[in-house]
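This briefing concerns domain layout and charged side-chain contacts. Please inspect the sequence and the structure shown below before reading on.

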Amino acid sequence: MCTSSLKELPLKLNEGKTKQIFELVDQPGLVLVQSKDQITAGNAVRKDQMQGKAAIANKTTSCVFQLLQESGIKTAFVKQHSDTAFIAAHCEMIPIEWVCRRVATGSFLKRNPGVKEGYRFSPLKMEMFFKDDANNDPQWSEEQLLEAKLCVAGLTIGQCELDIMSRSTVAIFEIVEKAWATQNCTLVDMKIEFGVSVKSGEIVLADVIDNDSWRLWPAGDRSQQKDKQMYRELKEVTPEAMQMVKRNFEWVSERVKLLLEPQASSRVVLLMGSTSDVAHCEKIRKACASYGIPCVLRVTSAHKGPDETLRIKAEYEGDGVPTVFVAVAGRSNCLGPVMSGNTAYPVISCPPLTPDWGPQDVWSSLRMPSGLGCSTVLSPEACAQFAAQILGLRDHLVWCKLRASMLNTWVSLKLADKKFQACSL
């Protein structure tokens, strides 16, 4: 984190209720987002100073954006600059608040009488609100957004852009929800905003995500809420009440750092039948690295040295680290089935098939005796993804990378289709 002063004084671009945006003259395309010691509710109908809030909000936002960025979500966040500010890509903001809900509460209940508090949305409930303080941020439909034909940084917001933001909102919520679940906290709902990067023209997650942005219930218990709702519900703003609010914000800012830590170490152990399989194994190892999974490469033959194969297996069973074994053996694959028959750990066969005997050799991986649960995946990249899906059940950081990868694949197809349609006109 850089705490040094900027080379040149920044130019203020905008100021909101809880932050200021400055253009960095000596760093074109970047801005400084400076938090303020102010807390508001009801479009600033209620407004108070809370000493230290700027640092608390900045720490929370920086950790959440780091989690999302390391998962693979495109954000405007660049780095934390100081205790109360971070650097981000310069974006023109799309004037829509995207609200994603897992549990029914708050304004949703007022707008939907008959729904009981605590109703769980599966799939998630999505809502859009047009940012207009004078009219209390009215709720918009997809049709209203499309008919508005908003143009932001030269990009017209059409069906493609709407779909990308909608899909991204769900993925972002699920990643943050998964992370908070490791702390036994229920992410009840969350609001986010997107911007268009002035430099790249891409839609990216922008603004901030801090304790003003969500409802957070430890153990799923509303009475333990740690978000801004306590401030909204204060009958009287007293110094004692504000201290309680601040303690809640501090509680969140301390625990949000834990979202960046893996819950359990894990690994993939690649067993190759001979050194001629190294190139195939390296493809698997590279793909595993994209999910943050370390790989160990070993050479062993279940045909020529079964006792050594089982000794190596036992070596990785004895330390309690969640492990997926991947067997890479060409020709007659005995390595995967032998491993599967002698371990309770998951085993994946990923044989390096050759053009000459490949169609015949693959049957030794596919057709095995009863009682063996060894799976077969032919693509090295797909093999790594399958291993990540297994290990992601225990490690939320691996799961988050998988979830972001799903989103990014969908977005790339959506953009390719838009480009193809434009070329066809």
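This is a predicted model: local features need pLDDT of at least 70, side-chain atom pairs count only at pLDDT 80 or more; totals for chains, interfaces and linings use all residues.

Is Glu127 buried or exposed? Glu127 is buried, its relative accessible area being 5%.

- Glu127 forms a salt bridge with Arg101, with an N to O distance of 2.7 Å.
- Because Arg101 belongs to strand 9 (residues 96–103) and Glu127 to strand 10 (residues 120–130), the pair ties together parts that are 26 residues apart in sequence.
- Arg101 is likewise buried, at a relative accessible area of 3%.

**Salt bridge between helices**
- Glu161 and Lys418 meet through their side chains in a salt bridge of 2.3 Å, N to O.
- Glu161 lies in helix 4 (residues 159–181) and Lys418 in helix 13 (residues 396–424), so this contact ties together parts 257 residues apart in sequence.
- Glu161 is buried at 5% relative accessibility, whereas Lys418 is partly exposed at 34%.

**Salt bridge between a helix and a strand**
- The closest N and O atoms of Glu315 and Arg298 are 3.4 Å apart, forming a salt bridge.
- Glu315 sits in helix 8 (residues 306–317) and Arg298 in strand 18 (residues 295–299), 17 residues apart.
- Glu315 is partly exposed, with 37% relative accessibility.

- The structure holds 27 salt bridges.

**Domains**
- The chain is divided into domain 1 (38–259) and domain 2 (267–394), whose C-alpha centres are 42 Å apart.
- An unreviewed UniProt entry lists residues 266–413 as "domain: PurE"; that span is 47% helix and 15% strand.

Key. Residues are numbered from 1 along each chain as its sequence is written. Side-chain values use heavy atoms; hydrogens and water are left out. UniProt positions are given in the numbering used here, feature names are shortened, and annotations may be inferred rather than shown by experiment. Helices (H or I, at least four residues) and strands (E, at least two) are DSSP runs, numbered from the N terminus. Domain bounds come from an automatic or database domain assignment. A salt bridge is a side-chain nitrogen of Lys or Arg within 4 Å of a carboxyl oxygen of Asp or Glu. Buried means under 20% relative accessible area, exposed over 50%, partly exposed in between (1.4 Å probe, protein chains only).
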